[in-house]
Structure formats: C-alpha cells, structure tokens
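Me: I would like to go through this structure step by step. Please put the sequence and the model here, and then I will ask my questions.

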Amino acid sequence: MKLPKVMLGSNPFHAVSYRGTQERKEYRRRFSTVESIHKVMERSAEVGIRGFHSYAKDMEIRAIIKLREKLGDSMTVVSILPDIYGAMSRQTGASPQDKNLAKIKMLFKNMPALMSAGVTGNLSPMVDSILKAEMGFIRETRPNFILLHGTLADVACVTEQKKLLLLFKERVVEAGAVPGLTTHNLGTTYKKLIEMDVHFPVIEAPFNPKGFMMQPSVQACLEVRKDASDVHFIGKKVLAGGSCDPRRGLLYAYREAGVQCTVIGIGSVNEADETFGIAKEVLGDEFSYEYDVKAT
Amino acid sequence: MQEKVRIAVAGMGEMGMVRAVIAKGLSQYELVCVIDPRGTLARLAGKQFGVNHFSSYAKAASAKEFDALVISTPLESHYELGMQAVRDGKHVLCEKPLAGNSSRAMEMHREAQKNDVKAQVGYNWRFHVTFKKAKEILENGLLGELKYARLMVYKSEVTKPEEKSEKKNREERFGFYGALAVHGLDLLLWYAGKPNSLNAMTTRVFSSELSDLISAVCRFDKGVHGVIDLGWSHHGFIDKDEMSVYLTGTTGSMNVNPDCIEMYLEKECPDFPCGDSIIYASEIPCHTEFWFTHRGLSHEMEAFAHAVLQRTSASPSWYDGYLVDRLVEALEDSGRSKKIISPVVEESE
C-alpha cells in the first residue's frame with residue numbers, strides 16, 4: 001500500500017480544536033455538510049495531497065467516498081477505528097450527542113457478551129463484533145490503512161491486551177488494508193509492544209517542536225523513532241495544536257524527528273493552500289513521495 | 001525506600017476503570033486488585049487488568065497487601081469506605097466530592113490525620129496544565145495582590161424535564177455540583193482562599209433537591225471579592241464544558257480555561273509581555289509517563305504516588321474536600337433562606 005509523505009487530517013471536520021471553544025463552534029458550523037468537508041479535501045487533492053485521514057464518522061465517510069469517485073486508486077485512505085461514541089450510537093440508535101444514553105443502551109445490548117466475558121475473561125467476541133460492524137461501516141471508502149484509535153491503543157498496550165491487538169491486526173488484514181495504531185504515549189506504548197512481541201508496520205504519534213503530547217518525554221519519543229526502523233511513522237500534532245507555524249512544525253517532524261509522513265488537519269480551503277504550499281517548499285520533490293508499506 | 005505504591009481500585013465504573021488504566025501505565029504504581037460488588041464487572045476487570053478481584057473492600061483488605069486505595073465508588077459510599085480504609089492505615093485517593101456533606105468530610109479528614117495517612121481528593125483539574133500554570137502565575141505575584149476572582153461553570157446537561165429515575169440518579173450524585181461544579185469551586189478556593197461570607201441566589205429549573213442555576217457573591221480570606229456563576233441548564237454547551245476562572249490583582253488580570261490563559265499585565269515580566277498575551281495549553285510543557293484524557297488525571301495520580309512514596313503532603317487534601325462540601329452547603333442554604341451566610345467555614349484544618 002502507498003503511504004503518502006503528507007496527508008490531510010480530519011480533526012477540524014469533527015470540531016476538534018486546541019484553540020478554544022470559539023474555534024470548535026466555528027468548525028461545527030463550517031463543517032455541517034458533506035459538501036463543506038469535501039471542498040477542503042478536493043482543494044487539498046488539487047494541491048497534490050493524496051493521503052486522507054478519516055474517522056468512522058458518517059459525513060467524513062461520505063466525503064471520502066465522493067473523493068474516491070474522482071481520484072480512484074490514486075488516493076490513500078487512512079481510517080481510524082473505532083469512533084467509540086459513533087459506534088455506540090450506530091449500535092443503539094441513540095444520538096451521538098447523548099453519550100450517557102448511548103452508553104446505557106450499549107451496556108444493555110451487550111449484556112450477554114459482557115456477562116460471558118465476565119465469566120471467561122475473554123473480551124474478544126464482543127470486540128470482534130464491534131470491529132466487524134465498524135469495518136462494514138467504512139468499507140465503501142476502501143481504506144488502505146486502518147489504525148487503532150489512540151485511546152484504545154494506549155489502554156490495550158498498558159494493560160497488555162495482546163489478543164485484542166492481534167485480533168485487530170487480523171481483521172484489518174482480512175479487510176485488505178495495512179494495520180497500524182495511533183498513540184498519545186509513544187515512549188510507553190512502544191515499549192509494551194516490544195514486550196508483547198506485537199508489531200505494527202505503521203504508528204501514528206505526536207511529533208512537534210513544542211513537545212506537545214510527546215509522552216513520556218520528547219527524548220523518549222525521538223529515541224523510539226530512531227530505534228524502530230521497521231515501523232513507518234506518521235507524525236501527528238505536527239503544528240502542536242496550532243501553536244507553531246507550519247514551516248517550523250514540518251521541518252521539525254521531517255528533519256529533526258525524522259518521521260516518514262505527517263498528517264495535518266486543515267480548517268479551510270485557504271488554509272489548505274497555505275499549509276500544503278509550505279509543505280511543498282519544505283519537502284521539494286519529496287512532497288509527492290509515497291512509501292510502499294506491507295501489511296506484515 | 002519503597003519504589004511502588006501497591007494500589008487497589010474500588011468501583012469499576014467509568015472513573016474506576018480510568019484510574020486502573022492509569023495505574024497500569026505509571027511505573028510508580030503496582031495495581032494489586034480491583035473491587036466491585038457487581039461480580040461480573042469485577043471479574044471482567046480483574047481479568048483484563050491481570051489482577052485479583054473482590055466483591056468488597058473488607059475482603060480485599062483481609063486477603064491482599066496494598067498500601068493505597070482509590071475510591072471510585074458512588075458518592076454515598078465515600079464516607080464509609082474512606083473511614084474504614086484510613087483506619088486500616090491505607091493511603092486514600094477519593095473521587096470528588098469527598099462526602100457531599102461537610103460534617104462527614106471533616107470526620108474523614110480528622111480520621112486520616114489521626115492515622116497519619118495520605119488522603120487526597122480527586123480534584124484533578126488542579127493538575128490540568130492551564131489551571132496549574134495559573135496557580136504558579138498567581139504565586140509568583142505576576143498579578144500583584146489578588147483582589148477579585150470570578151468562577152463560571154456552564155454545562156448543557158439538564159436542559160429538559162427528566163424521567164423520575166434519571167432525576168433521582170443525578171440528585172444522588174450531588175446534582176450539578178457532583179457533575180462538574182465542585183471542580184470549579186475547588187479551583188476558586190485554591191486561588192482565592194477560604195470563603196468568609198456569601199450571598200447566593202439559586203434556581204431549580206428541572207431538579208427537585210439541588211439547584212440547577214447558582215449565582216453568588218462572596219468574600220474570601222484576605223479580602224478577595226468573588227463571584228460564583230454555575231449552571232447546567234444553559235443551552236448550547238454541547239462539546240466541551242465551559243469552565244473558567246477570571247482573576248484580577250493590583251498589577252494584572254487573567255482568564256483561565258482548559259484551552260488557554262489570557263493575560264493582561266501592567267508591567268513586563270520574565271515570561272509575559274506588558275499588555276495582552278495568550279498562552280495555549282499546547283504551549284505549556286507537560287509530560288507524564290502515561291497520558292490519559294486531558295483532565296490532568298495522570299498528573300494527579302503521579303502527585304498522589306509522590307506523596308505516598310516521598311512522605312510529602314497530599315494535595316488537594318481531604319480538608320480541601322471538606323471546604324468544597326461546606327461551600328456547596330452554604331450556597332444552597334443562602335439560596336434557600338435568602339440570607340447571607342457568615343462565617344462560611346467554622347472548622348480549621
């Protein structure tokens with residue numbers, strides 16, 4: 001599978017911002033339709049972006065499908081699974097906003113599986129059923145890479161859930177994609193992966209000049225990056241949640257941290273022009289480079 | 001010297017699970033067992049965490065060696081479990097609110113003191129980067145002498161009539177205070193000091209036992225003038241709770257929320273210019289061995305481990321927990337009686 005050097009992230013599309021409530025509200029207003037998301041994706045594609053991240057959220061998925069119609073196999077889709085509350089609301093019919101109700105309904109719906117897991121200690125059947133449902137939900141986007149959501153990946157690593165991590169890998173490979181994980185604790189989780197002897201060919205983790213979310217320390221993350229030569233790293237939070245300018249963030253990620261790829265969330269067409277324009281300047285010919293990544 | 005805190009977590013609801021995950025992620029802890037009266041849940045959690053599970057604290061305490069207990073059970077059991085654990089010589093991190101009743105909270109504090117154990121209450125927002133940085137700014141005197149503090153906590157959690165069972169469930173959990181407001185009140189007390197007097201107006205929009213909208217003016221120690229503005233029946237706060245503290249001193253002001261600190265200083269200081277400036281959470285160095293959720297929970301648990309292992313003070317202490325419980329009572333009393341409450345706090349540490 002081809003993993004592009006620079007990719008479009010999706011945080012603004014689901015109103016995630018580290019710049020305060022006003023920006024979150026603005027993103028929510030701005031990205032309230034499939035068309036508005038598609039517009040930013042399309043502009044990013046026009047300036048040469050071929051990698052697109054997507055959470056398993058309905059509007060993002062529909063925008064990606066629309067883009068696929070135009071770009072076909074020349075684009076790479078990186079899906080993050082599962083969107084926990086989205087999965088709950090799909091399973092239970094509760095509104096994604098009503099998290100408490102969705103949680104309660106989810107618990108009732110899965111009570112037999114939970115009770116069986118309580119007796120046997122084996123969560124796999126329940127997780128497998130959720131994974132299968134979520135894979136079905138994103139199937140039409142034809143994902144090339146499927147990454148395990150950071151919160152779940154972190155929990156699975158520190159609690160040493162080797163079986164669940166392997167199950168995730170297996171299901172992703174069966175779906176014809178390359179498995180990976182995202183993490184907010186690279187230094188800690190990577191150590192656990194080594195201890196468990198679990199390998200993921202792709203790991204997405206924060207790398208930025210401010211050290212934002214580089215846990216447990218900047219140094220530890222850089223060491224992992226250096227030592228893990230069999231892993232393709234995608235740098236996220238490259239602009240430190242909007243705290244540093246794109247040139248500085250990109251130079252740090254590619255030149256100092258040495259990640260192969262980056263993913264950047266973009267909030268508007270103009271921002272796509274500006275940020276990816278800078279990426280082109282920083283990377284030169286490398287901008288359109290794609291890594292060939294195998295599933296194992 | 002002891003290297004790890006051997007810890008048990010009581011209550012395998014959402015918070016208990018989070019606490020257990022963080023304990024697994026931090027090398028200062030060895031998670032020894034989990035406790036929950038719901039057998040299936042306890043067994044499942046025990047197996048997932050690879051530790052023993054028990055249906056009660058008493059069984060865990062008699063069977064297992066642990067130094068510290070996290071109480072993540074519903075509020076009504078905090079007092080009983082907390083008292084028992086400190087009498088057994090366990091260090092305790094108890095979720096907020098401490099007891100939901102100031103007399104009981106004070107008893108818990110006294111008992112912990114008597115048994116010489118570390119007793120911390122889960123006011124984790126103190127460990128969030130922006131609120132922690134604001135405390136440093138205040139202590140370094142950048143605002144001069146503090147004169148005014150305003151707390152605002154808004155949520156959209158109860159914006160329509162609820163079913164009887166849901167209402168009962170919420171009120172047993174201390175209503176809006178238990179949901180988020182106590183965190184804000186703790187921050188306010190942390191910055192402004194003990195409250196001396198207050199005059200509150202309260203409104204029950206949908207709840208029957210506790211208020212949904214609370215406003216008060218108060219006077220704190222050292223003459224700081226304060227305003228409290230709390231409500232969970234506001235509309236439109238759908239993605240993130242609105243919690244902010246505005247502080248004014250003799251040489252500057254700042255508005256602190258989970259995303260950033262907005263400052264205005266009359267004079268230039270080492271890290272801040274004269275006039276307006278803003279510092280975002282993402283710009284403040286903040287490292288932990290295992291980061292889990294944005295609310296400062298990992299740092300809070302690191303601080304508790306530090307207090308236990310290094311024998312330093314646990315903070316926020318159970319006395320701080322008492323102060324918040326007392327402040328809530330005073331707000332409700334004043335709102336109900338339409339009278340000024342003074343003094344608010346009669347018990348010293």
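Me: In what order do the strands of the open sheet in chain B stand?
Reply: First, a word on the ground rules: this is a predicted model, in which local features need pLDDT of at least 70, side-chain atom pairs count only at pLDDT 80 or more, and totals for chains, interfaces and linings use all residues. Residues are numbered from 1 along each chain as its sequence is written, while chains are lettered from A and ligands numbered from 1 in the order in which they are written. Helices (H or I, at least four residues) and strands (E, at least two) are DSSP runs numbered from the N terminus, and two strands pair if DSSP finds at least two bridges between them. The open sheet has 6 strands with parallel pairing, and their order is β3-β2-β1-β4-β5-β6 (chain B).

Me: Which strands stand at the edges, and why is one side of each left without a neighbour?
Reply: Strands of a sheet pair through backbone hydrogen bonds, either parallel or antiparallel. Each edge strand here has a single partner strand, so one side of it has no neighbour in the sheet. The two edge strands are β3 (52–54) and β6 (119–122) of chain B.

Me: Which residue is the bridge partner of Cys33(B) in β3(B)?
Reply: Strand β2 (residues 29–35) of chain B runs parallel to β3(B), and 3 bridges join them. In β3(B), Cys33(B) has as its partner Asn52(B).

Me: How many strands make up the closed barrel of chain A?
Reply: The barrel runs β2-β3-β4-β5-β6-β7-β8-β9 (chain A) with parallel pairing. Its twist from one strand to the next averages 25°. The number of strands in the closed barrel is 8.

Me: Are the residues of β2 (6–9) of chain A buried or exposed?
Reply: A residue is buried if 20 or more other C-beta atoms lie within 10 Å of its own, exposed if 12 or fewer, and partly exposed in between, with C-beta atoms placed from the backbone. In a regular strand the side chains alternate between the two faces of the sheet. In β2(A), Val6(A) and Leu8(A) are on one side and Met7(A) and Gly9(A) on the other, and all of them are buried.

Me: Within what arc do the buried residues of α3(A) fall?
Reply: Helix α3 (residues 58–71) of chain A has 14 residues and reaches 20 Å from its first C-alpha to its last, close to the 20 Å expected at 1.5 Å a residue (the expected span is 1.5 Å times one less than the number of residues). Its buried residues are Glu60(A), Ile61(A), Ala63(A), Ile64(A) and Leu67(A). They line one face of the helix, because down the axis of α3(A) (taking directions from the helix axis to the C-beta atoms) they fall within an arc of 160°.

Me: Which elements do the buried residues of α3(A) pack against?
Reply: Two residues are in contact if their C-beta atoms, placed from the backbone, lie within 7 Å. The packing partners are α2 (34–46), β3 (51–55), β4 (76–81) and α7 (124–138) of chain A.

Me: Which helix gives the most to the side of chain A that touches chain B?
Reply: The contact takes 31 residues from chain A and 28 residues from chain B. On the chain A side, α1 (21–30), α6 (111–120) and α8 (150–158) each supply at least two residues. With 4 residues, the one that gives the most is α6(A).

Me: How many charged residues does the side of chain A that touches chain B have?
Reply: Ala, Val, Leu, Ile, Met, Phe, Trp, Tyr, Cys and Pro count as nonpolar, Asp, Glu, Lys and Arg as charged, and the others, Gly among them, as polar. This side has 12 nonpolar and 14 polar residues, and its charged residues number 5.

Conventions. Axes fitted to C-alpha atoms, helices over the stretch in contact; angles between N-to-C directions.
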